[in-house]
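Subject: Structure for you to look at

Hello,

Here is the structure I promised to pass on. My notes follow below it.

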Amino acid sequence: MNILWDFDGTLMDTYPAYTKMVKEASRCGLQDEEIFALLKVSFGHAFKELGLSEEQIKHIKELERSLAPEDFKPFPGLEAVLEAADVNVIMTHKERALAQAILEANDLDRYFTEIVAIDDGYPRKPDPASYRYLHEKYGIDLVVGDRELDIIPAKKLDIQTCLYQNHAASADYYVDDYGEFFEKVPLLKK
């Protein structure tokens, strides 16, 4: 099986750090859970809903760059799923160098054949251009993401989808932790 992965919130548990950064930069007074819910739709959605200025958004990006790759950790059980797949590729809105550094810091880079990052020039999700490129090159069987935004391009290309820790959108499969992936996603066998 060939899997296309989202990065933030799917491979790596990055949302706690992002929630903290947005809370610090916005000084909005919302609870962490409320900020997290906005970020789960999309960062653009959260920034718009919070009414963040360009200066505040710039500050969030500076805070992100100040984090060490070691500050980001993969979700438990992920490595077994990566190991079972034939091909793993990533499409992320994160800059390639940071995504690569995080993977290397967690000894996961060896599982990925290719990373398509925001600096490759593809339009942002939900535009399907980056997914189309990866699908044509690798014959993607499944797209795994944590937000509806991650599965919309796959649906446009008629690729099966799996949502991680999110039952809000119409995916083919839902997984709350990677330990249950093999039983809930029959496409992949141990």
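**Burial and overall shape**

Of the 190 residues in the protein chain, 51% count as buried (under 20% relative accessible area; exposed is over 50%, partly exposed in between; 1.4 Å probe, protein chains only). This is a predicted model: local features need pLDDT of at least 70, side-chain atom pairs count only at pLDDT 80 or more, and totals for chains, interfaces and linings use all residues. Residues are numbered from 1 along each chain as its sequence is written, and side-chain values use heavy atoms, with hydrogens and water left out.

The chain holds nine helices and six strands (DSSP runs numbered from the N terminus: helices H or I, at least four residues; strands E, at least two). Its radius of gyration is 16 Å, which agrees with the value near 16 Å for a compact globule of 190 residues (taken over C-alpha atoms; the rule is 2.2 Å times the number of residues to the power 0.38). The C-alpha trace spans about 45 × 35 × 30 Å along its principal axes.

Take contacts (heavy atoms within 4.5 Å) between residues at least 6 apart in sequence. Of these, 59% join residues at least 24 apart.

**Helix 2**

Helix 2 covers residues 32-41. Its buried residues are Ile35, Leu38, Leu39 and Lys40. Their cover includes helix 1 (15-26), helix 3 (43-49) and strand 5 (160-164).

**Aromatic pairs**

The whole structure has 11 aromatic pairs (rings of Phe, Tyr and Trp, its six-membered ring, with centres within 6.5 Å; planes under 30 degrees apart are stacked, over 60 edge-to-face, the rest tilted).

- Tyr15 and Phe36: the ring centres are 5.6 Å apart and the planes are at 85°, so the pair is edge-to-face. Tyr15 sits in helix 1 and Phe36 in helix 2, so the pair ties together parts 21 residues apart in sequence. Tyr15 is buried at 3% relative accessible area. Phe36 is partly exposed at 34%.
- Tyr164 and Tyr178: this pair is stacked, 4.2 Å centre to centre, with 5° between the planes. Tyr164 is in strand 5, and Tyr178 is in the loop between strand 6 (173-175) and helix 9 (181-184), 14 residues apart. Tyr164 is buried at 2% relative accessibility. Tyr178 is buried too, at 1%.

Which residues do ring pairs link into a cluster? They are Tyr15, Tyr18, Phe36, Phe43, Phe47 and Phe72.

Best wishes
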